[in-house]
Amino acid sequence: MRRLAAVDAQTWWMSAKLPSDQFLLYGFAGSPADLGRALTEVRNRAEACPELALRVRDEFRLTYPAWVPRRVGDDQFVVHNLDAPSWNDCLDAVAGLADHQLDATSATWRLHVFPSVRGIPDADTAGTAAVLQVAHALGDGIRSSALAAWLFGRPVPVPAVPAQPFVGATLPLRAVQAARTHRQLVADEKSGAVPLQAPSRPARRSNSRPAGARWVRTIVRPRARIPGPTVTVAVLAAVSVALGDHLRALGEDVVDLGAEVPMAKSGVRHAHNHFGNVGIGLYSELDHADRVARIAQDLAQRRTRARHPAMAAASRAFAATPAPLLRWGVAQFDPTLRSPVVTGNTVVSSVNRGAADLRFGAGPVVVTAGYPALSPMMGLTHGVHGIGDTLAISVHAAESAVGDIDSYVERLEQALG
């Protein structure tokens, strides 16, 4: 029996207070002549992957939950017949899926299929949209993308995360090591060898508690049309312009805007979730060239800080936290409380999903997208996902955060060029 790592257990317990299911969308050209056969092919792929045949068992409060096997079942495949929907009709339906979170003690993923979708980007005829809903405890963005790729035919198995031996007894030693390396971190900060922690930002309207209508929208561009040192930097620079202009039009102060960016951790993966969130300045007051340079510099500084030994030591100490203590800590979290400061005024999550080598039935993949979850302190998030030479920049927003979604998306399209 393999128990959940501390960070994965925390993610699972927190999902009861902050829904966190991921929705990975893949658009395929054409509709299968035999939908049942295409679904059977995907199901056979799922049955051949042990990491897709898991659920969470959480019966004993003194221990961490465990990963236990379950058969791939009919309940994990849902076909949504929307009567020849348009691309935006499909996206509206995807937004509604967030109201139906998975119970990971029953199933950790579900595949939603939307046949005969009109207007899928880069599809000449009506195509198929497939949305993999994944419990966040099962994987972060990188791991979940690898599981989806396996389902749709990529011949790269997804290995299990090695089971960790009981480490509770090592907490005192790990705590001492964490304290020692933290003192070194403070000294390195003072000397300038390591960047300081990113500053908090004043909460803005985009940090409003989600209320009213919720939308998802996706802008698709060839990778060559997104200039910049990296895709992530280029999109952050465009979000800076769009968000700044949009908030300014709503009467908001846009000084010191920032974004919360998930960043993969370095080193060996010891948990299904192997990332941390960092704060990045958006520098909406600067011209384009200076803005791009400062955003790239911020990302480089966050990576430098993340590689400091203090970060790994803190992670090892956290991994040794006794399960009852971590359960108690999660129970104290109150999602109704508001904070005047935040890590970022929006989220920008960026994942490259690799080559365009996926298929559903005979239809090749033409686009992939993702929509990071909203939360009580985040009413606007962005996903940046590439497959092959196609890039999708997605927006997930609540009416309380942006007002009119179409005007915000139009601003983002203009900022992207």
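**Entry 1. The largest nonpolar core**

I looked up the largest nonpolar core of this predicted model, and found that it has 46 residues. Tyr26, Trp109, Leu111 and Phe152 touch the most other members. I then listed the elements that give two or more residues to this core: helices H1 (6-14), H2 (35-47), H4 (141-151) and H9 (323-332), together with strands S2, S3 (54-57), S6 (109-117) and S7 (127-134). For background, I note that nonpolar side chains tend to be buried together in soluble globular proteins.

I next asked which residues Phe152 touches, leaving out those up to four places away in sequence. The contacts are Tyr26, Phe28, Val42, Leu111, Ala130, Leu358, Arg359 and Phe360. Apart from the core of 46 residues lies another, of 40 residues, with Ala242, Leu243, Leu247 and Leu380 among its members.

**Entry 2. Helix H4**

I checked how far helix H4 is enclosed. Eight of its eleven residues are buried, so H4 is largely enclosed by the rest of the structure. The buried residues are Arg143, Ser144, Ser145, Leu147, Ala148, Ala149, Trp150 and Leu151. I looked for their packing partners and found S2, H2, S7 and S13. After H4 comes Gly153, which has a positive phi near 105°.

I turned to strand S15 (residues 363-370). Is S15 largely enclosed, or largely open? Seven of its eight residues are buried, so the rest of the structure largely encloses this strand.

I recorded two pairings for S15. Strand S2 (residues 22-28) runs antiparallel to S15 and is joined to it by five bridges. Within this pairing, Phe28 has Val365 as its bridge partner; Phe28 is also one of the residues that Phe152 touches. Strand S14 (residues 359-360) pairs with S15 over two bridges, in the antiparallel sense, and Phe360 stands opposite Gly363. S14 and S15 form a hairpin with two residues between the strands, where Gly361 takes a positive phi near 65°.

**Entry 3. The six-strand sheet**

I traced an open sheet of six strands in the order S9-S17-S16-S13-S10-S11, and its pairing is mixed. Which strands stand at the edges? They are S9 (214-222) and S11 (275-281); each has a single partner strand, so one side of each is left without a neighbour in the sheet. On average, neighbouring strands are turned by 20° against each other, direction ignored.

Inside the sheet I examined S10 (residues 258-264) and S13 (residues 346-352), which run parallel and are joined by two bridges. Glu260 stands opposite Val347 in S13. Helix H11 (residues 405-416) packs on the sheet and touches S9, S16 (380-387) and S17 (390-398). The direction of H11 makes about 20° with that of S9.

**Entry 4. Leu243**

I followed up Leu243 as a member of the 40-residue core. Leu243 belongs to helix H6 (residues 231-249). Arg205 lies 38 residues from Leu243 along the chain, and their C-alpha atoms are separated by 10 Å.

**Entry 5. Gly403**

I located Gly403 in the loop between helix H10 (399-402) and H11. With a relative accessibility of 23%, Gly403 counts as partly exposed. Leaving out residues up to four places away in sequence, I found contacts from Gly403 to Arg205, Trp215 and Ala398. Ala293 is 110 residues away along the chain, and its C-alpha atom is separated from that of Gly403 by 31 Å.

**Entry 6. Cysteines**

I searched for disulfides and found zero. I also looked up the burial of two cysteines. Cys49 is buried at a relative accessible area of 3%, and Cys90 is buried at 0%.

**Entry 7. The UniProt record**

I consulted UniProt, where an unreviewed entry places the feature "domain: O-acyltransferase WSD1 C-terminal" at residues 273-416. In the model, this span is 39% helix and 30% strand, and its end C-alpha atoms lie 30 Å apart.

Conventions
Residues are numbered from 1 along each chain as its sequence is written. This is a predicted model: local features need pLDDT of at least 70, side-chain atom pairs count only at pLDDT 80 or more; totals for chains, interfaces and linings use all residues. Side-chain values use heavy atoms; hydrogens and water are left out. Buried means under 20% relative accessible area, exposed over 50%, partly exposed in between (1.4 Å probe, protein chains only). Helices (H or I, at least four residues) and strands (E, at least two) are DSSP runs, numbered from the N terminus. Two strands pair if DSSP finds at least two bridges between them. A nonpolar core is a set of buried Ala, Val, Leu, Ile, Met, Phe, Trp, Tyr and Cys residues joined through side-chain atoms within 4.5 Å. Contact means heavy atoms within 4.5 Å. UniProt positions are given in the numbering used here, feature names are shortened, and annotations may be inferred rather than shown by experiment. Axes are lines fitted to C-alpha atoms, for helices over the stretch in contact, and angles run from 0 to 180 degrees between N-to-C directions. A disulfide is a pair of cysteine sulfur atoms within 2.5 Å.
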